[in-house]
Amino acid sequence: MSRTDVFDLSRMRLTPGEGRRLDLEVELQPMDFGGERYDVAETPVPVRLDVSRMNGGGYSLRLRFAAGLRGPCMRCLREAEPRVEIDVREVDQPGAAAEELDSPYVVNEELDLAQWVNDAFAFALPAQVICREDCAGLCPVCGENLNEAGPEHHHDPEPDHRWDKLKELKFD
Ligand SMILES: [Zn+2]
Ligand SMILES: [Zn+2]
């Protein structure tokens with residue numbers, strides 16, 4: 001496998017109706033997420049690319065890969081490693097009027113694979129990076145990790161000293 005950023009589709013010399021499957025490797029970029037920087041769990045990442053030459057000209061493309069991020073859980077700050085599986089398609093027909101038939105990743109039969117992979121990864125990620133679905137987060141009072149502290153962790157409400165003076169009053 002070789003690392004691929006831009007892939008020249010014309011080099012495959014596909015005839016209309018013909019298709020080919022390619023296993024490639026693409027570099028994933030670290031990401032900023034909710035003000036935190038997240039590293040990619042592994043990079044380069046292996047990707048599977050299916051290329052079909054369409055009968056009317058142009059290409060139909062399918063991209064599949066799995067990848068993950070590594071960084072702090074947004075609730076409890078422990079290390080989290082969300083993984084996503086990606087399966088996306090693009091179509092590029094020269095001179096197509098419709099936007100969905102004119103892939104932004106294909107220009108002059110050159111596929112910007114690195115851009116497509118990084119965009120698809122960012123799009124597939126969950127809105128929140130959490131270590132696990134039921135992460136309990138941190139105690140808002142003392143900051144202890146509630147996943148470890150358990151459900152019995154609690155704080156007694158602060159005693160209200162405003163009433164102390166009243167208690168000292170004697171009523172006859
Ligand atoms: Zn967590
Ligand atoms: Zn606490």
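Is Leu-77 buried or exposed? I looked this up first, keeping in mind that the model is predicted. Leu-77 turns out to be exposed, since its relative accessible area is 57% and the cut-off for exposed is over 50%.

**Entry: Asn-108.** Here I saw another positive phi in a residue other than glycine, near 50°. I placed Asn-108 in the loop between strand 9 (106–107) and strand 10 (110–112). With a relative accessibility of 72%, Asn-108 counts as exposed.

**Entry: the zinc ion.** Which protein atoms are the donors of the zinc ion (ligand 1)? I noted the SG atoms of Cys-73, Cys-76, Cys-131 and Cys-135, which lie 2.3 to 2.4 Å from the ion. The angles subtended by the four donor atoms run from 106 to 115°, so the arrangement is tetrahedral. For four tetrahedral donors the ideal angle is 109.5 degrees.

Next I checked how the donor residues are spaced in sequence, and the pattern is C-x2-C-x54-C-x3-C. Cys-73 sits in the loop between strand 6 (59–72) and strand 7 (79–80), while Cys-135 sits in the loop between helix 1 (113–124) and helix 2 (146–149), so this pair ties together parts that are 62 residues apart in sequence. I also looked at accessibility: Cys-73 and Cys-135 are both buried.

**Entry: a cis peptide bond.** I found that the bond from Thr-43 to Pro-44 is cis, with omega near 0°. Pro-44 belongs to the loop between strand 4 (36–40) and strand 5 (45–53).

Technical notes. Residues are numbered from 1 along each chain as its sequence is written. Chains are lettered from A and ligands numbered from 1 in the order in which they are written. This is a predicted model: local features need pLDDT of at least 70, side-chain atom pairs count only at pLDDT 80 or more; totals for chains, interfaces and linings use all residues. Side-chain values use heavy atoms; hydrogens and water are left out. Donors are N, O and S atoms within 2.8 Å of the metal (3.2 Å for Na, K and Ca); water is not among the atoms, so sites may look incomplete. Four donors count as tetrahedral if all angles lie between 85 and 135 degrees; four count as square planar and six as octahedral if opposite donors are over 155 degrees apart and all others between 65 and 115; anything else is irregular. Helices (H or I, at least four residues) and strands (E, at least two) are DSSP runs, numbered from the N terminus. Buried means under 20% relative accessible area, exposed over 50%, partly exposed in between (1.4 Å probe, protein chains only).
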